[in-house]
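Please examine the sequence and the model shown below before reading further. The paragraphs that follow lead from one residue to the whole chain and then to its side chains.

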Amino acid sequence: RVNEENLRRQEESVRKQEEIRRAALERDEEIRHQREMKRIEAEIRGKAKADRENKDVIIEQIKIKAAEHRKTVLDTIQTSGSVIGAGFKAFVSDWDRVTA
């Protein structure tokens, strides 16, 4: 009878210790989860802020590239017009070739 009582007490003690251990593990896991969520949130906020700050830089780079492309196209048109115009002028001004 005394042995049964001692055994029951030991089992109860082991059960309580196991519950305490399990509760501690759950708390630790919850804390880890909260920290991870805060880390992810901070990372996302940082990336969003960097993207907003870089937006102006990216837009300026696009504008510069567009201006360079526009200048290149205009220069090409002007050069082509000059070459064709000079060739036509040379052709028309040499009447010997025109009439031949």
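Predicted model: local features only at pLDDT ≥ 70, side-chain atom pairs only at ≥ 80, totals over all residues.

In which element is the place of T79? T79 has its place in helix 1. Helices are DSSP runs of H or I with at least four residues, strands are runs of E with at least two, and both are numbered from the N terminus. T79 is partly exposed, with a relative accessible area of 48%. On this scale, buried means under 20% relative accessible area, exposed means over 50%, and partly exposed lies in between, with a 1.4 Å probe and protein chains only. From T79 to D94 there are 15 residues in sequence, and the C-alpha to C-alpha separation in space is 23 Å.

Residues are numbered from 1 along each chain as its sequence is written, and side-chain values use heavy atoms, with hydrogens and water left out.

The chain as a whole may now be considered. The chain contains 2 helices and 0 strands. Its C-alpha atoms fill a box of roughly 140 × 30 × 5 Å along the principal axes. The radius of gyration of the chain is 42 Å, whereas a compact globule of 100 residues would have one near 13 Å. This radius is taken over C-alpha atoms, and the globule rule is 2.2 Å times the number of residues to the power 0.38. Of the 100 residues in the chain, buried residues make up 0%. The accessible surface comes to about 9700 Å², and 57% of it belongs to carbon and sulfur atoms. Such areas come from the Shrake-Rupley method with a 1.4 Å probe, and for residues only the protein chains shown count as cover.

The next topic is charge. The chain carries 23 positive and 21 negative side chains, and the centres of the two sets lie 3 Å apart. Lys and Arg count as positive and Asp and Glu as negative, whereas His and the chain ends are not counted. The place of a charge is NZ of Lys, CZ of Arg, CG of Asp or CD of Glu.

Side chains of opposite charge can pair when their charged atoms come close. The structure holds 12 salt bridges, each being a side-chain nitrogen of Lys or Arg within 4 Å of a carboxyl oxygen of Asp or Glu. One of them joins E5 and R9 at 3.7 Å, N to O. These two residues are 4 residues apart in helix 1 (residues 2-93), so about one helical turn separates them. E5 is partly exposed at 29% relative accessibility, while R9 is exposed at 51%. E5, R8 and R9 are linked in a network of salt bridges.

Further along, R21 and E18 meet in a salt bridge of 2.4 Å, N to O. R21 and E18 are 3 residues apart in helix 1, again about one helical turn. E41 and R45 also form a salt bridge, at 2.8 Å, N to O. E41 is partly exposed, with a relative accessible area of 40%, and R45 is exposed, with 56%.

Finally, M37, I40 and I44 make a nonpolar surface patch of about 270 Å². Patches consist of residues with over 30% relative accessible area and no salt bridge; like charges are joined within 9 Å, and nonpolar side chains (Val, Leu, Ile, Met, Phe, Trp, Tyr) within 5 Å. I40 is found in helix 1 and is partly exposed, with a relative accessible area of 32%.
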